[in-house]
Amino acid sequence: DKKITIAIDGFSSTGKSTLAKQLAKHLGYVYVDTGAMYRAVTFFAMQNGYINPDFFDKETLLNSLSFIKLQFKFNPDLGFAEMYLNDVNVETAIRTIEVSNFVSKVAEVSQVRAKLVEQQKEMGKDKGIVMDGRDIGTVVFPDAELKIFMTASATTRAQRRFDELQQKGDDVTYEAVLKNVEERDYIDTHRVDSPLLKAEDAIEIDNSYLNREEQFQVVLELVNDST
Ligand code: C5P
């Protein structure tokens, strides 16, 4: 079977990463969560005091970009790769609501995007990859053989993210999560550089009414049609 590139884009908390992981495992492909990369850069900016609720020192972040080393390392116990920032595992640290609240601001910055997109292209150069994000089908891999665009209502997505955070013991309210989901949707779709949009040749999947297994079967058929 020939290896292909699978691009999965969509709004936050549409279940992109769950689907992408499942797909990569089934096909023996590499899975790359590009949101984790934007989150890690955001975490770096927070750690160094370049960003807080009332201020964002873009200039200093840009001057520090060359000191940010991002790596995915496969964790065989979990069955997927974890995000490392300058050799430290930040997989848990990047999933907090604080990081979620700043990440779209950082992701608006073109120089940040350029750096990450370059790495993403490199990771996908041999195909056999499932990558999820916001601009994968439009910017990173415009020639991907299969492009999926995932949607679900904001309330469905907020509930999903809220359940996840609660399970992890994060002390958040549903309202705060919904607000974050809506704010990120807004910024991600309105930014100048690489806004979130459905590629012309992407197939849209609204998963408000599909369970995980149904969704997986739908996408698996699309994969079989593309290989
Ligand atoms: O996928 P996730 O929700 O973890 O992404 C976090 C944020 O990173 C998004 O809201 C978006 O601002 C940014 N992002 C992006 N481009 C990508 C992936 C994520 O701008 N390819």
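**Note on the predicted model: sheets, cores and ligand shell**

1. Strand E9, residues 146–151, is largely enclosed by the rest of the structure, because five of its six residues are buried. The model under discussion is a predicted one. A residue is called buried here if 20 or more other C-beta atoms lie within 10 Å of its own C-beta atom.

2. The pairing of E9 should be read next. Strand E1 (residues 5–10) runs parallel to E9, and five bridges join the two. Within this pairing, Ile-6 stands opposite Leu-146 of E9. E9 also pairs in the parallel sense with strand E10 (residues 203–206), over four bridges. Met-150 has Ile-205 of E10 as its bridge partner, and Thr-151 stands opposite Asp-206 of E10.

3. These strands belong to an open sheet of five strands, in the order E2-E8-E1-E9-E10, with parallel pairing. Which strands stand at the edges of this sheet? They are E2 and E10; each has a single partner strand, so one side of each is left without a neighbour in the sheet. From one strand to the next, the twist averages 20 degrees. Helix H1 packs on the sheet and touches E1, E2, E8 and E9. The direction of H1 makes about 175 degrees with that of E8.

4. The largest nonpolar core holds 24 residues, and those touching the most other members are Ile-8, Val-130, Met-131 and Ile-148. Two or more residues of this core come from each of E1, helix H1 (16–27), strand E2 (30–33), strand E8 (129–133), helix H6 (136–140) and E9. To return to Ile-148: leaving aside residues up to four places away in sequence, Ile-148 touches Ile-8, Ala-202, Ile-203, Ile-205 and Val-219.

5. A further open sheet has three strands in the order E5-E6-E7, with antiparallel pairing. Its edge strands are E5 (70–75) and E7 (88–89), each of which pairs on one side only. Helix H2 packs on this sheet, touching E5 and E6, and the direction of H2 makes about 25 degrees with that of E6. Strand E6 (residues 80–85) and E7 run antiparallel and are joined by two bridges. Tyr-84 has Asn-89 in E7 as its bridge partner.

6. How many residues of E5 are buried? The count is zero among its six residues, and E5 is hardly covered. Asn-75 stands opposite Phe-80 in E6. E5 and E6 form a hairpin with four residues between them, and in the turn Gly-79 has a positive phi of about 85 degrees.

7. Ser-13 has a positive phi of about 55 degrees although it is not a glycine. Ser-13 lies in the loop between E1 and H1, and it counts as buried because 24 other C-beta atoms lie within 10 Å. Lys-127, also not a glycine, has a positive phi of about 60 degrees. Lys-127 lies in the loop between helix H5 (110–123) and E8. With 15 other C-beta atoms within 10 Å, Lys-127 is partly exposed.

8. Leu-210 is found in the loop between E10 and helix H9 (212–226). Is Leu-210 buried or partly exposed? Leu-210 is partly exposed, because 15 other C-beta atoms lie within 10 Å. Leu-210 and Ala-152 are 58 residues apart in sequence, and their C-alpha atoms are 9.9 Å apart in space.

9. The last point concerns the ligand. There are 13 residues around the ligand, of which Gly-35, Tyr-38, Ala-107, Gly-133 and Arg-134 come nearest. Helix H2 (34–47), helix H4 (97–107) and helix H8 (174–190) each supply at least two residues of the shell. Which element gives the largest share of this shell? The largest share, four residues, comes from H2. By residue class, the shell divides into three nonpolar, five polar and five charged residues.

How values were computed: Residues are numbered from 1 along each chain as its sequence is written. This is a predicted model: local features need pLDDT of at least 70, side-chain atom pairs count only at pLDDT 80 or more; totals for chains, interfaces and linings use all residues. A residue is near a molecule or strand if its C-beta atom, placed from the backbone, lies within 6 Å of it. Ala, Val, Leu, Ile, Met, Phe, Trp, Tyr, Cys and Pro count as nonpolar, Asp, Glu, Lys and Arg as charged, and the others, Gly among them, as polar. Two strands pair if DSSP finds at least two bridges between them. Two residues are in contact if their C-beta atoms, placed from the backbone, lie within 7 Å. Axes are lines fitted to C-alpha atoms, for helices over the stretch in contact, and angles run from 0 to 180 degrees between N-to-C directions. A residue is buried if 20 or more other C-beta atoms lie within 10 Å of its own, exposed if 12 or fewer, and partly exposed in between; C-beta atoms are placed from the backbone. A nonpolar core is a set of buried Ala, Val, Leu, Ile, Met, Phe, Trp, Tyr and Cys residues joined through C-beta atoms within 7 Å.
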